[in-house]
Every structure is written in structure tokens, then in C-alpha cells.
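Subject: Structure to look through

Dear colleague,

I am passing on the structure we spoke about, and I would be glad if you could read it alongside the notes below. Please take your time with it.

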Number of protein chains: 2
Amino acid sequence: MSLCTDPLHIALPEWLVLLVASQGPCVSDRERMQFVVQLAAENVERGTGGPFGAAVFDETTGRLVAAGVNLVEPANNAALHAEVVALMFAQRAVGSFTLSSPPLATAHMLATSCAPCAMCLGAVHWSGVTRVLIGASREDATAIGFDEGPVFPESLRYLEARGIRFTDGVEREAARAVLQRFCDLKRPLYNG
Amino acid sequence: MSLCTDPLHIALPEWLVLLVASQGPCVSDRERMQFVVQLAAENVERGTGGPFGAAVFDETTGRLVAAGVNLVEPANNAALHAEVVALMFAQRAVGSFTLSSPPLATAHMLATSCAPCAMCLGAVHWSGVTRVLIGASREDATAIGFDEGPVFPESLRYLEARGIRFTDGVEREAARAVLQRFCDLKRPLYNG
């Protein structure tokens with residue numbers, strides 16, 4: 001319990017490192033969602049975190065810029081939701097705290113296997129992505145016991161008014177199946 | 001711009017490491033707020049990030065568990081607001097993804113020099129803290145150009161209904177003065 005100020009290291013699971021190394025561009029929304037649902041599913045099966053996956057893509061080409069999975073329990077870090085991990089690694093990849101264009105040459109989007117919680121929606125606000133692709137819904141996460149925090153219809157409208165577009169329900173059944181699998185395995189939930 | 005999956009390192013500024021090493025307990029709300037306002041002020045004067053400071057304290061004893069400052073620009077990481085940094089380092093310090101009691105022996109609180117943005121409020125939701133102490137207001141941040149994201153009165157009520165107490169306006173003038181100093185120095189703002 002001593003106060004430690006050494007640098008904090010955030011490491012991706014080894015299987016994720018290997019998986020993204022061989023990943024080609026994902027051209028369609030469906031392909032992008034299938035990729036992040038696969039991440040969520042692998043994270044559950046391998047026991048490396050919660051049932052959530054996310055990735056940042058070059059919006060035009062579909063090139064994968066960064067990927068993330070939920071690392072809350074293994075990392076003892078409640079901020080490491082899949083979306084936050086993907087955005088952090090994407091910002092390092094482009095060498096900027098914003099993924100927006102300009103200043104970057106291309107626009108970026110976030111694909112996430114489940115509707116962003118309050119924290120992740122706030123992270124989207126600051127991230128510079130112009131689009132968010134969503135699989136499972138907030139209700140799907142709530143149904144297995146996750147409390148997604150203070151997100152209201154006006155929260156999305158607030159971001160839409162600032163140029164961020166949301167597309168939800170993409171491959172929802174596949175994304176929801178991963179949540180159900182996590183639940184069936186009786187993996188621990190971790191609300192605040 | 002290549003996809004890099006090496007671990008991400010989050011390092012605190014050297015001055016912050018030195019400052020917290022000699023920090024004794026902060027017993028009162030006023031002392032806790034003065035400490036985080038000092039962090040915000042140092043972060044501006046030393047040019048190591050945005051005008052925000054935060055810290056996690058043992059709620060009963062006032063022992064400092066972790067401290068953070070805004071590192072968005074130097075770290076190229078839009079998620080590294082002072083609150084998120086303090087919470088991440090606190091969770092590592094206690095060896096748990098939650099700061100709540102139980103499972104921990106003592107309850108924890110977050111002190112922040114400015115009202116949490118949407119992301120940080122969401123991070124509070126997951127963090128396990130039972131109390132949030134706030135200096136400058138959302139309006140104070142907005143006045144110098146920061147867009148704090150989708151936070152509504154019902155956002156706070158949502159967290160209050162889950163047992164998190166908010167105390168605002170503590171040392172507000174001192175906290176606001178740091179925001180104004182950042183503005184007077186014409187430091188860059190970095191909205192998404």
C-alpha cells in the first residue's frame with residue numbers, strides 16, 4: 001500500500017499482440033465489428049480480462065491503427081476498458097493526443113464490441129475520432145450486470161453536435177453472445 | 001504511424017515524484033484541495049501539462065495514496081487527465097482495480113482541482129472512491145475554452161445514488177486562478 005510513483009506500464013496480452021500483427025485492413029463496418037468482437041471473445045476464452053474489444057481504424061482505408069481489450073482485472077486498473085486502451089495505443093501510434101484530421105492527414109474511427117460506458121464516451125469526446133461503431137447495446141451489458149454509468153440520450157446528442165457519428169447495432173448478436181459467454185462462465189463482474 | 005503493440009509507459013513528471021515523496025497526510029478538505037491546486041499550478045509553471053491536479057487520499061487518515069496531473073500533451077494521450085492518472089496510480093498502489101471498502105480496509109476519496117469532465121466522472125464511477133472533492137467548476141473550465149463533455153446534473157445524481165458524495169467549491173478561487181494563469185500564458189487548449 002505504499003505510495004509508488006514509478007512509471008505505470010500497460011501491456012497488451014501476448015495473444016493480442018500476435019493477432020494484430022497479421023491483421024490486414026478491415027474495409028467494411030461489418031469487418032471492423034467482426035474484428036473487435038473476435039478480440040472480446042478471445043479475451044474471455046483466454047481469461048485475460050472482461051468481455052469487451054475495441055479498435056481504432058483509419059476511417060477511409062480501414063487500416064488497423066491500434067487495438068484494445070478490457071484489462072481491468074489483470075492490470076488492477078479500472079480505467080483500462082477496451083476503448084480507452086485502443087485510443088491510448090492509437091494516439092501513441094500517430095504521435096498525437098488527437099486522432100482528428102486535421103492535424104492528421106486522415107480521419108479515424110473507433111469500433112467497440114459494446115456501447116461505450118460513461119468513461120469511454122468521455123474518452124471518445126477527447127480522442128479526435130469522428131465516428132463510433134457499436135456492437136452490443138448498453139442494455140445488453142446491463143443485462144449481465146455491468147453498470148455502464150451516467151450515459152443518457154443527450155450524452156450522444158452532445159457528441160453528435162460536435163461532429164462525432166454513431167452507428168450502433170452492428171453484429172449485435174455476435175457481440176451480445178460474448179457477454180453471455182462471460183456470464184455463463186461466471187466470471188466476476190467489477191462495478192465500482 | 002506503424003502499429004505498435006509494445007507496452008505503454010505512463011511516467012509522472014520528476015517534480016511530482018519528488019513533491020509527493022515528502023508529502024504528509026492532509027487531514028482537512030481544505031488541505032487536500034490546497035495540495036491538488038499546488039499540483040495544478042506546478043504543472044503549468046513547469047510546462048509539464050494542463051492546468052489540472054488530482055490526488056487520492058485515504059478518506060479517514062488523509063494519507064496520500066497517489067497523485068496525478070494532466071499529461072495529455074507531453075504524453076500524447078488524451079485520457080491522461082489528472083483524475084485518471086491519480087486513480088490509475090492509486091489502484092496500482094492498493095493492488096486492486098477498486099478503491100472501495102470493502103474489499104479494502106479503508107475508504108478512499110478523490111480530490112481534483114477542477115470539476116471532472118465526462119470521462120473523469122465515468123472513471124470515478126468505476127474507481128471505488130466514495131467521495132469527490134472539487135475546486136474550480138465546470139463553468140470555470142469552460143470559461144477558458146475547455147469543453148468538458150456530456151456532464152449533466154443527472155450525471156452527478158446518478159453517481160450520488162450509488163453512494164458517491166460530491167463536495168464542490170473548495171478553494172475555488174485558487175483553483176480558478178491556475179486555469180486563468182494557463183490561459184494568460186497562452187498555452188494551447190486541446191479539445192477533441
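This is a predicted model: local features need pLDDT of at least 70, side-chain atom pairs count only at pLDDT 80 or more; totals for chains, interfaces and linings use all residues.

**How the two chains meet**

In the contact between the chains, 54 residues of chain A touch 54 residues of chain B. On the side of chain A that touches chain B, the elements giving two or more residues include strand E1 (8-10), helix H1 (14-21), helix H5 (118-127) and helix H7 (153-160) of chain A. It is H5(A) that gives the most to this side, with 9 residues. When the residues on this side of chain A are sorted by class, there are 35 nonpolar, 16 polar and 3 charged ones.

How are the two chains related to each other?

In chain A, 5 strands form an open sheet with mixed pairing, and their order is E3-E2-E4-E5-E6. The edge strands, each of which pairs on one side only, are E3 and strand E6 (165-167) of chain A. Direction ignored, neighbouring strands of this sheet are turned by 15° against each other on average. Inside the sheet, strand E2 (residues 53-58) of chain A is joined to E4(A) by 5 bridges, and these two strands run antiparallel. As one example from E4(A), Leu110(A) is the bridge partner of Val56(A). H4(A) packs on the sheet, where it touches E2, E3 and E4 of chain A, and its direction makes about 150° with that of E3(A).

**A pair of helices**

Helix H2 (residues 29-45) of chain A packs with helix H8 (residues 172-184) of chain A at an angle of about 10°, their axes being 9 Å apart, and that makes H2(A) roughly parallel to H8(A). Which residues bring them together? From H2(A) come Val37(A), Ala40(A), Ala41(A) and Val44(A), and these meet Ala174(A), Ala175(A), Val178(A), Arg181(A) and Phe182(A) in H8(A). The residues of this contact divide into 8 nonpolar, no polar and 1 charged.

**Details of the backbone**

Another joins Pro102(B) and Pro103(B), with omega of about 15°, and Pro103(B) lies in the loop between helix H4 (82-94) and strand E4 (108-114) of chain B.

Lys186(A), although it is not a glycine, has a positive phi of about 60°, and this residue is found in the segment after H8 of chain A. Is Lys186(A) buried or exposed? Lys186(A) has 7 other C-beta atoms within 10 Å, and therefore it is exposed, the cut-off for that being 12 or fewer. In chain B, Lys186(B) has a positive phi of about 55°, although it is not a glycine either, and Lys186(B) is likewise exposed, with 7 other C-beta atoms within 10 Å.

With best wishes

Technical notes. Residues are numbered from 1 along each chain as its sequence is written. Chains are lettered from A and ligands numbered from 1 in the order in which they are written. Two residues are in contact if their C-beta atoms, placed from the backbone, lie within 7 Å. Helices (H or I, at least four residues) and strands (E, at least two) are DSSP runs, numbered from the N terminus. Ala, Val, Leu, Ile, Met, Phe, Trp, Tyr, Cys and Pro count as nonpolar, Asp, Glu, Lys and Arg as charged, and the others, Gly among them, as polar. Axes are lines fitted to C-alpha atoms, for helices over the stretch in contact, and angles run from 0 to 180 degrees between N-to-C directions. Angles under 35 degrees count as roughly parallel, over 145 as roughly antiparallel, 65 to 115 as roughly perpendicular and the rest as oblique. A residue is buried if 20 or more other C-beta atoms lie within 10 Å of its own, exposed if 12 or fewer, and partly exposed in between; C-beta atoms are placed from the backbone. Two strands pair if DSSP finds at least two bridges between them.
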